[in-house]
Amino acid sequence: MDPKGRHLKLNDGHFIPVLGFGTYAAEEVPKSKTVEDTKLAIDAGFRHIDCAPAYGNENEIGLAIQSKIEDGTVKRGDMFCNTKLWVTCLQPELVRPALEKSLKNLHLDYVDLYIIHYPTALKPGEEFYPEDEKGKAIFDTVDLCATWEAMEKCKDAGLTKSIGVSNFNRRQLEKILNKPGLKYKPVCNQVECHPYLNQRKLLDFCKSKDIVLVAYGALGTQRPKQWVDQSSPVLLEDPVLCAMAKKYERTPALIALRYQLQRGVVALAKCINEKQMKENMRVFEFQLTSEDMNAIDGLNRNLRYLPFHISIGHPEYPFSDEY
């Protein structure tokens with residue numbers, strides 16, 4: 001971690017800002033609002049923007065970054081922008097074209113980090129969620145090691161500075177790490193992680209391999225109806241987090257984010273307004289005691305808000321393993 005505690009060093013020598021701006025929107029939002037929100041996030045101090053083709057907003061995020069570079073707020077080198085390889089593009093020959101399409105949408109020459117979104121390949125084609133006539137997802141089989149080799153080639157070509165994975169379990173990470181002729185290790189594994197699913201074992205494993213854990217859903221997710229069981233408990237209403245928020249005179253969201261940063265986890269925060277953006281940037285202004293960290297650890301209940309149910313039954317479905 002750098003002295004100010006705002007970046008972590010990745011295993012390839014690059015640095016990642018420890019607080020990222022999440023851009024997945026649970027509800028349909030006007031494209032102009034995405035541009036505006038991303039500009040506001042950059043103005044508030046966010047330098048790490050997390051996006052993906054599946055979120056349908058790469059173009060808007062690119063326009064916002066471009067606008068903030070043009071008005072002198074930031075230089076390209078100040079920004080850390082990552083995007084992801086979608087599950088219909090895991091066949092090795094589709095990897096580079098998918099990244100090139102993302103770069104075009106983002107109006108960028110390179111991304112700072114390119115991530116395999118899920119290990120569960122679906123049938124290649126234009127559909128994001130290809131289904132059969134019964135409405136079931138159409139699975140594809142792919143050798144993840146071959147996909148990884150295509151990712152390595154993208155890094156060598158200068159299209160991305162770093163490469164990583166998302167939603168991989170220990171077994172899938174080991175498959176990549178033990179690949180004969182491995183050129184680059186994944187720099188990160190982006191997974192759902194919050195006090196109700198603290199990923200302790202996966203975090204310990206990743207740390208032992210010098211892989212950074214990146215937490216999405218760090219605030220308990222936006223609870224989109226199509227993905228999240230609406231009867232599940234609301235993380236930010238947890239009495240322990242609320243009591244701690246009172247004690248530190250912060251919001252429950254800040255307590256949840258600070259918890260991750262002190263564990264060496266990069267946290268992605270989805271903010272819906274300027275007030276939240278500025279508020280979440282205050283995560284660097286305080287520290288939790290070790291007693292409070294332990295109390296938050298004690299909230300773990302292995303609750304996964306986002307089980308990605310459409311790929312249950314896929315041979316590479318990652319969440320059946322313990323971690």
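Two residues are in contact when heavy atoms of theirs lie within 4.5 Å. Keep that in mind as we look around this predicted model.

Let's start with the overall layout. Eight strands close into a barrel, in the order β3-β4-β5-β6-β7-β8-β9-β10, and their pairing is parallel. On average, neighbouring strands of this sheet are turned by 30° against each other, direction ignored. Strands of a sheet pair through backbone hydrogen bonds. Take β4 and β5: three bridges join these parallel strands, and His 48 stands opposite Phe 80 in β5.

Here are some of the pieces and where they sit:

| Element | Residues |
|---|---|
| Strand β4 | 48–50 |
| Strand β5 | 80–85 |
| Strand β7 | 160–166 |
| Helix α3 | 92–106 |
| Helix α6 | 200–208 |

Now zoom in on Ser 166, which lies in β7. Is Ser 166 buried or exposed? Ser 166 has a relative accessible area of 1%, and buried means under 20%, so Ser 166 counts as buried. Leaving out residues up to four places away in sequence, Ser 166 touches Ile 115, Ile 116, His 117, Tyr 118, Pro 119, Asn 189, Gln 190 and Tyr 216. Leu 85 is 81 residues away along the chain, yet its C-alpha atom is separated from that of Ser 166 by 9.7 Å.

What about the helices? Helix α3 lies across β5, β6 and β7, running at about 135° to β6. In α6, the buried residues are Leu 202, Leu 203, Phe 205 and Cys 206. Seen down the helix axis, they fall within an arc of 165°, so they line one face of α6. These buried residues pack against α5, β8 and β9. Just after α6, Asp 210 takes a positive phi of about 60°.

Methods:
Residues numbered from 1 in each chain as written. Predicted model: local features only at pLDDT ≥ 70, side-chain atom pairs only at ≥ 80, totals over all residues. Heavy atoms only, no water. Helix = DSSP H or I, 4+ residues; strand = E, 2+ residues; numbered from the N terminus. Buried < 20%, exposed > 50% of the residue type's maximum accessible area, 1.4 Å probe, protein only. Arc of directions from axis to C-beta. Pairing = 2+ DSSP bridges. Axes fitted to C-alpha atoms, helices over the stretch in contact; angles between N-to-C directions.
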